[in-house]
Amino acid sequence: MPNKSTKSVFPNFISQLSGYSKTDKERLLKAYYFAREHHHGQKRQSGEAYIIHPIAVVQILAGWGVDVETLLAGMLHDTIEDTSASRHQVALIFGESVASLVEGV
């Protein structure tokens, strides 16, 4: 399970994003919880919770000012490949364009 700091830091990061609507931020938070749930128990080689990686990806992408669909794909990019999540699930919850981006990565 992600550590306490992971749980609190990323939602706080989302709330501080400028240039994204409230709806965009809500979608991104939903993607975070989806990814966190599906990556539960996975670890990086460093021993950290795996969710640290997609969080870092989103932080980099947000710094570049990309659109929200790219941020969503950044958060979800390993869910189809490395977890039990399916492309169909991602498409139903986050939209076909996000699922296509995730699948393409």
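Visitor: What makes Arg87 partly exposed?

Guide: This is a predicted model, and in it Arg87 has a relative accessible area of 22%. Buried would need under 20% and exposed over 50%, so Arg87 counts as partly exposed.

Visitor: What makes Arg87 and Glu103 a salt bridge?

Guide: Their closest N and O atoms are 2.9 Å apart, and that is within 4 Å, so this pair passes as well. It links distant parts of the chain: Arg87 lies in helix α6 (residues 87-94) and Glu103 in helix α7 (residues 96-104), 16 residues apart. The count by this rule comes to 2 salt bridges.

Visitor: What joins Arg87, Glu96 and Glu103 into one network?

Guide: Salt bridges that share partners do. Arg87 pairs with Glu96, and Arg87 also pairs with Glu103.

Visitor: Which residues touch the most other members of the largest nonpolar core?

Guide: Of its 30 residues, they are Phe10, Leu71, Met75, Leu76, Val90 and Phe94. Helices α1 (4-15), α2 (22-38), α3 (52-64), α4 (68-76), α6 and α7 each supply at least two residues, and α4 gives the most, with 6 residues.

Visitor: Where does Val90 make contact, leaving aside its neighbours within four places in sequence?

Guide: Val90 is in contact with Phe34, Leu76, Thr79, Ile80, Gly95, Val98, Ala99 and Val102.

Visitor: How do you know that the span of α3 agrees with what it should be?

Guide: With 13 residues at 1.5 Å a residue, α3 should span 18 Å. Its end C-alpha atoms are 19 Å apart, which agrees.

Visitor: What puts the buried residues on the same side of α3?

Guide: The buried ones are Pro54, Ile55, Val58, Leu61 and Ala62. They cover an arc of only 130 degrees around the axis, so they sit on the same side of α3. An α-helix has 3.6 residues a turn, so residues three or four places apart point the same way. The face turned away from the buried side of α3 carries the exposed residues Gly63 and Trp64.

How values were computed. Residues numbered from 1 in each chain as written. Predicted model: local features only at pLDDT ≥ 70, side-chain atom pairs only at ≥ 80, totals over all residues. Heavy atoms only, no water. Salt bridge = Lys/Arg side-chain N within 4 Å of Asp/Glu carboxyl O. Buried < 20%, exposed > 50% of the residue type's maximum accessible area, 1.4 Å probe, protein only. Helix = DSSP H or I, 4+ residues; strand = E, 2+ residues; numbered from the N terminus. Core = buried A, V, L, I, M, F, W, Y, C linked by side-chain atoms within 4.5 Å. Contact = heavy atoms within 4.5 Å. Expected span 1.5 Å × (residues − 1). Arc of directions from axis to C-beta.
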